[in-house]
Amino acid sequence: MRTILRKVFFYLLTAWAAISLNFLIPRIMPGNPADNLINQFHGKLSPSAVHALRVLFGQSDQNLWQQYLSYWHSVFTGNFGTSYAYYPSKVSTVLGQSMYWTLILVTICTVLGFVIGTALGMLAGWKRGSWLDSLVPVTTFLSSIPYFWFAIIMVYLFAITFKWFPLSGGYALDQHIGLNAGFITSALNYAVLPAATITVASIGGWLIGMRNMMVTTLSEDYVRLAEAKGLSRRRVMYTYAARNAMLPSLSGFAMSLGFVIGGSIVTEVVFNYPGIGSVLFKAAQSADYPLMSAIFLLITVLVLLANLVADLAYVFLDPRTRES
Amino acid sequence: MALQAAALAEADAPAESSAGPARLWLRLLRSPLTLSGVIIVLIFVVLAIIAPWISPYDPSAVSDTTLAGPSAAHWLGTTQNGQDVLSQMLYGARASMFVGIGAAVLTTVLSVVVGVTAGYVGGIGDEVLSLLANVFLVLPSLPLTIILAAYLPHSGSLGIILVITVTGWAWGARVLRAQTLSLRKRDFVEAARATGEPTWRIIVKDILPNQVAVIAASFLGTVTAAILTQASLAFLGLADVTQWSWGTILYWAQTGSALLTGAWWWFVPAGLAIAVLGTALSLVNFGIDEFINPRLRQAGIGTKKAQRGQVRAGRPRGRRHRTAPVPRPAPAPFTQDSTDVVLQVRDLRVEYVSEGGRTRAVSDVSFALRRGEVLGIAGESGSGKSTLAYAITRLHKPPAEIARGEIRYTAPDGRGVDVLAMDEAELREFRWEELSIVFQSAMHALNPVLRIGAQIEDVIVAHRPRMAAPERAARVLELLDIVGIPADRASSYPHELSGGMRQRAMIAIGLALDPEIIVMDEPTTALDVVIQRQIIEKIMELKDRLGFSVVFITHDLSLLIELSDTIAVMYGGKVVEMAPAEDFYRHPQHPYSQGLLGSFPTLGGPKRELTGIVGSPPDLRRLPSGCAFRTRCPHAFDACATKVPELLQVGEPGARGTLAACLLHSVPETTTNELATGETR
């Protein structure tokens, strides 16, 4: 229980740090982005939007502390102002439309990549020296490929050359978003290539980590004892070796997750997928700072939640962490 | 390398430290994968450096040959504007490698400073720094990088290097902190601190050199990550798109619709270059990983083929019989006249196989274990006693291999089986049912994530599939009770038990199926004397009650003399003396046994002066010729260097049944007289 509380406290602290960092970045950056942005719109911005922009960059008459407080107010109310890339939509509206696409895609791909990669890594470690060892260089190569380039190749092969899957987007334009069979089928069809890209590209990291831990664990005394006990091969492999070998994979989840999410963002751009990645890309291109900082916050909070889940799973799987 | 493994398996001596560091690093290059990784990386570095001189065209120069495929004039084709892709690739290598290496240098410096400071200083500074590192570690770095880069548009490579450094230092810092923490507690650092060396000197001289491998791994990892990040940013148009890098090429390919026009030569090379360079760096890193973690190195040797070849000689298969376990006859006290042999080992030879040859760890050992007997095996570390214990149960792992010999088990009903001829299924059935093992360190031998009860129960599930769950649970409690562990501890995890209790739990597991033989490999070495005594008394009491035989392995000779019926002494992989415990204690025949007895105080018995043995245990790879002990033997004479002594009956009065392998007992009278009159050395 105390371990869990400490974890929760740590993530709250990290969230606070990230949110404060997000407050600080626009204020410490060189140049005058606010004026550049206002000039770009040639006076087409409403006065309230101009005011909001000046607030974002700390150019208001409030002192820093007051600015900080009102920043927190806007974080909790979800009021991140107006988007410039999607002017005159609200930032919260833009995010509300795009986040579910990313959330579903990345969650499924991360889980798939973790499960497949860990399972293959377990087998490769268990049967080290067999043909499975050739998985290691192959997946090393796969995980060294930039996600977005892999996505380009997938598009080139399966969308342009073979025409098996649609080229870009999240669903056929003649479908209406909603819980109807036509839309869901179409969305699934459009998701195959992006999902395959992210999953295949992320398997490698999990596989190699798990294989090496498996090899290390197999020379532990408790695995040898399990063999001496005459237990079945499956019992030795799952309950004694893999069960212990996967613990470091889980505790390294945070870093890997950051990698997968980073890769997914750029992948979305290649597929023009209607998720957060494409929005962030558009925001960055048109210097839409309110949208960018809101996206950063959103991704950070989601990553922290995912890490908390991974940590809780770790506590559940490793009894040694449960006390002290 | 396998020899190192052998040496490590036998003794915990860090065999690595003996060679010079430069040679160790060179050894990295011996692996073909690592070597090819290094060569590929070097090729890329060289190409990046000489790019301006070898590029056939100016990468930005436009021409009329637009979107042309690969040809003699343009090896990698041209872009939409007729620019030469090969020249762009070469210049791109410069920018990408500059960002990769620049970011890696800065990041590594920052991680080393933060990690080593946090680990060495400790206290509040450590708390704050590691909290900071942990926070940065979970922050998703690419979104942060994108935002920072968006605020710094067109800042060029330097801006990107800074951004990558800010978001990427945490991982290395965390690893290095943990390393520093453990190094700080090592003897040589403690010693340096005690002599009052200044902190910075200790860090530079004692701590950093031991972290070179980790620092190198983190450096190479960051190079890959930085090149990827730079490519992502450039591809998204967030870097200076007029400066050629691999990412920029992909950016222009994407905006120029290279995909739709099918101009694969435009977008394939850049991504491929990143992937190949990344793979090469990873291969080098694997080499470093194996260098840091010797177990990974053994994985290459521990192939399936080798595992199958663990027992070399092909032998006729015994037929499988699965009969109900015969209840053991009531335990009769063991006497030295017994001929009821339960385990017969003949000429057992175990070798560690490596590229350099075969090292004999157990050399033609023979003994007979009789029903109810306690056979004590004594020897220094490296004498082969643990290898022997594992070989008896066929638990030895490659590169260890049973080269020859016979292990014969005789069940209570008189049925005999050849242990080395069993296939996997038979072996699984045999293990624990007939022969169980108690390992040296219960801390390491118990599965840390499984409750004690479950670790006892799974043996029963595996071997008595028909036993009902309540019956099994009752048996678990019974076993715990036998070794004196309270019933409620069944649901404890190993780390929740004390050292003594863990060891008793190990014994409970060993007793689970009521085996005929229990092999105990230094079962009490890690415990304090009082607990040690309790455990030994428990074992002896159980043995008398349940009537199993014991092979007890230890270097603690006084303990062995107390509890064994028969003692075998091992030296350099051989049994050099075997005798009933009483005879052994009173009349040790081998000079090595005499030396051993001279170096241990016994708990009972008359007082005597402790002497000990000069020199250190021999290196199994370079055993002296003739008698392995001769270099340390006070009685060695000429013949010892040429003649290997055999284990023979020593026919002196009062030493009935003693076997010894020493020329003192087998050479003609003259030599013995010579020895009696004066030393020959």
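Predicted model: local features only at pLDDT ≥ 70, side-chain atom pairs only at ≥ 80, totals over all residues.
Close-up 1. Leu435(B) stands opposite Ile517(B), a residue of E7(B). The two strands concerned are E6 (residues 435–438) and E7 (residues 517–521) of chain B, which run parallel and are joined by four bridges. Along E6(B), Leu435(B) and Ile437(B) point one way, whereas Ser436(B) and Val438(B) point the other way, and all of these residues are buried. In this model, buried means that a residue has under 20% relative accessible area.

**Close-up 2. Strands E1 and E4 of chain B.** Strand E1 (residues 341–354) of chain B pairs with strand E4 (residues 400–410) of chain B in the antiparallel sense, and the pairing extends over eight bridges. Within this pair, Gln344(B) can be found opposite Arg408(B), which belongs to E4(B).

**Close-up 3. The open sheet of four strands in chain B.** The strands of this open sheet follow the order E2-E1-E4-E5, and their pairing is antiparallel. Strand E2 (357–370) and strand E5 (416–418) of chain B each have a single partner strand and stand at the edges, so one side of each is left without a neighbour in the sheet. From one strand to the next, the twist averages 5°.

**Close-up 4. The two domains of chain B.** Domain 1 of chain B is made up of residues 29–60 + 72–300, while domain 2 is made up of residues 341–434 + 515–677. Between the C-alpha centres of domain 1 of chain B and domain 2 of chain B, the distance is 54 Å.

Notes: Residues numbered from 1 in each chain as written. Chains lettered and ligands numbered in written order. Heavy atoms only, no water. Domains from an automatic or database assignment. Buried < 20%, exposed > 50% of the residue type's maximum accessible area, 1.4 Å probe, protein only. Pairing = 2+ DSSP bridges. Axes fitted to C-alpha atoms, helices over the stretch in contact; angles between N-to-C directions.
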